[in-house]
Amino acid sequence: ANNVMHARDMLREEKMKVRQLFLLEKLKIPEDTSVIVIAGPSEQFMQPEIAQLEKFLARGGGLLLFCEPGSFTGLESMLTRYGVGLGTNRIFDLINKKVGASAFKLLINKMGEHLILNQLTNAHFTVPNARTIEKLPANPNLNPRLVRTELLWTSDSAWGETDLNNP
């Protein structure tokens, strides 16, 4: 919760409008919404919520999703249609042990090119408890302006551990 509030405050400092959105309470996502951030969903999304998200994405909206390894959001089928696959694993990186960190607390030092990362060009930070996210072939029926951007990478020695109970 603290990380989400910190991110919210940083966005507000940049004069961005940030608000909570309860999809089941709204008939549709407000037109002035450009990006939806889903941070650590604790329950699966219901079909009416997924339908709203799909309409939002179809009109060119952006989605940033953070979800824990082993969690199922209910968004997996929708994401696959958009060419994004969520791994059923937990990323393990032995390079972190060399610097005294947990092998599950990932040191990120390679980032993609995207406006959201511009302020972090020389930053090094950690991401605890991550899973792989894979860029799949895009559905040819989708909006051709759809862009899937890979944002963060671990070291080349990392892998996705599929036995979450016995890493």
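Me: Buried means under 20% relative accessible area, exposed over 50%, and partly exposed in between, with a 1.4 Å probe and protein chains only. How does Trp-159 count on that scale?

Reply: Trp-159 counts as partly exposed, because its relative accessibility is 34%. Phe-92, at 14%, counts as buried. Keep in mind that this is a predicted model, where local features need pLDDT of at least 70, side-chain atom pairs count only at pLDDT 80 or more, and totals for chains, interfaces and linings use all residues. Residues are numbered from 1 along each chain as its sequence is written, and side-chain values use heavy atoms, leaving out hydrogens and water.

Me: How do I read an aromatic pair, and how many does a search of the whole structure find?

Reply: You describe a pair of aromatic rings by the distance of the centres and the angle of the planes. Rings of Phe, Tyr and Trp (its six-membered ring) pair if their centres lie within 6.5 Å; planes under 30 degrees apart are stacked, over 60 edge-to-face, and the rest tilted. Here the search finds one pair: Phe-92 and Trp-159, tilted, 4.5 Å centre to centre with 55° between the planes.

Me: Where in the chain do Phe-92 and Trp-159 sit?

Reply: Strands are DSSP runs of E, at least two residues, and helices runs of H or I, at least four, numbered from the N terminus. Phe-92 is in strand S4 (residues 90–92) and Trp-159 in strand S10 (residues 159–161), 67 residues apart, so the pair links distant parts of the chain.

Me: And which residues of H2 are buried?

Reply: They're Glu-49, Ile-50, Gln-52, Leu-53, Phe-56 and Leu-57. The face turned away from that side carries exposed Gln-47 and Lys-55.
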